[in-house]
Amino acid sequence: MGAKTLSDAKALSVKNLCKSFDVDKTKFPVLTDISLDIEPGEFITIVGHSGCGKSTLLKIIAGLVDYEIGEVTYDGKKITGPGKERGMVFQDHRLLPWLTIRENIGFGLYRMSAGERRRLVDKMLETVGIESFANAYPGQLSGGMAQRAAIARALITNPSVLLLDEPFGALDALTRIQMQKETLEIWRREKTTMILVTHDIDEAIFLGARVVALSPRPGEIRKIISIHTVKDRKSPDFAIY
């Protein structure tokens, strides 16, 4: 995986986005007039009540869900579907149970030679700290290790933007804190733009350079809070946020 620099990265922009779903021939608005510019290499966290459209917004950016009004662009080009520059980690790991962890992580590299694929997978296994479990199957891993594998699978294609949809929500408290720290280290090292959806205010403050707070459904941006490099939960400044 080639190292990125911020000069290589591209900006992501959401302008006046509106989204509704049809339920029994009735339109239910989910997102209203969302506008957000995300700088290259930035870590954004999104918080809000259940059902406010956080995950929907992430899936729109991923190109997995369409929308009625507004525009979502990457590098000035409208997002109309999935793209290799955007990786996504879901709430559950979604690893293929019949493949080993090594095979799961390298699944999208089928066009590469076997040697190059192995080199990249080895690097990602080491990056997320599960090299000892390369030949294990997903069912043999803990929840935390499976999510590490899912993050490795998303990162191995070297995306400029990584979208994380409550990836630590099902983990126990200690594993969750450890995964937060490791994700922050990966962000600092890889310079990947990251957007994470969470219900956990503490997690949003710890990880995000900016925290985007959405209103209850239909979700609209209530407030954007800049976090000034406070990543120490023991710091008095952390409690202020």
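## Basis of the model

Because the model is predicted, local features need pLDDT of at least 70 and side-chain atom pairs count only at pLDDT 80 or more, whereas totals for chains, interfaces and linings use all residues. Residues are numbered from 1 along each chain as its sequence is written, and side-chain values use heavy atoms, with hydrogens and water left out.

Helices (H or I, at least four residues) and strands (E, at least two) are DSSP runs, numbered from the N terminus.

## Helix α3

Helix α3 comprises the 14 residues 114-127. At 1.5 Å a residue it should span 20 Å, and its end C-alpha atoms are 20 Å apart, which agrees; the expected span is 1.5 Å times one less than the number of residues. Leu 120, Val 121, Met 124, Leu 125 and Thr 127 of α3 are buried. They cover an arc of only 155 degrees around the axis, which puts them on the same side of α3; the arc is that of the directions from the helix axis to the C-beta atoms. Buried denotes under 20% relative accessible area, exposed over 50%, and partly exposed in between (1.4 Å probe, protein chains only).

The buried residues of α3 pack against α2 (101-105), α4 (143-155) and α5 (173-190). On the face turned away from this buried side, α3 carries the exposed residues Gly 115 and Glu 126. Gly 129, which follows α3, has a positive phi, near 75 degrees.

## Arg 102 in helix α2

Arg 102 is found in helix α2 and counts as buried, at 17% relative accessibility. Leaving aside residues up to four places away in sequence, Arg 102 touches Arg 118, Val 121, Asp 122, Leu 125, Ala 134 and Asn 135; contact means heavy atoms within 4.5 Å. Val 121 and Leu 125 are among the buried residues of α3.

## Salt bridges

A search of the whole structure finds 15 salt bridges, each defined as a side-chain nitrogen of Lys or Arg within 4 Å of a carboxyl oxygen of Asp or Glu. One of them joins Arg 210 to Glu 42, with the closest N and O atoms 2.5 Å apart. This pair links distant parts of the chain, 168 residues apart: Arg 210 lies in strand β9 (residues 210-214), and Glu 42 in the loop between β2 (26-38) and β3 (43-47). Arg 210 is buried, with a relative accessible area of 17%, and Glu 42 is buried at 12% relative accessibility.

Within helix α3, Arg 119 and Glu 116 lie 3 residues apart, about one turn of the helix. Their side chains meet in a salt bridge (2.8 Å, N to O). Arg 119 is partly exposed at 42%, as is Glu 116 at 31%. A further salt bridge joins Asp 92 and Arg 94 (3.2 Å, N to O); Asp 92 is partly exposed at 40%, and Arg 94 is partly exposed at 46%. Lys 19, Asp 66 and Glu 68 are linked in a network of salt bridges.

## A nonpolar surface patch

Phe 21, Val 23 and Phe 28 form a nonpolar patch on the surface, with about 240 Å² of accessible area together. Patches are made of residues with over 30% relative accessible area and no salt bridge; like charges are joined within 9 Å, and nonpolar side chains (Val, Leu, Ile, Met, Phe, Trp, Tyr) within 5 Å. Accessible areas come from the Shrake-Rupley method with a 1.4 Å probe; for residues, only the protein chains shown count as cover. Val 23 is found in strand β1 (residues 12-23) and counts as partly exposed, at 40% relative accessibility.
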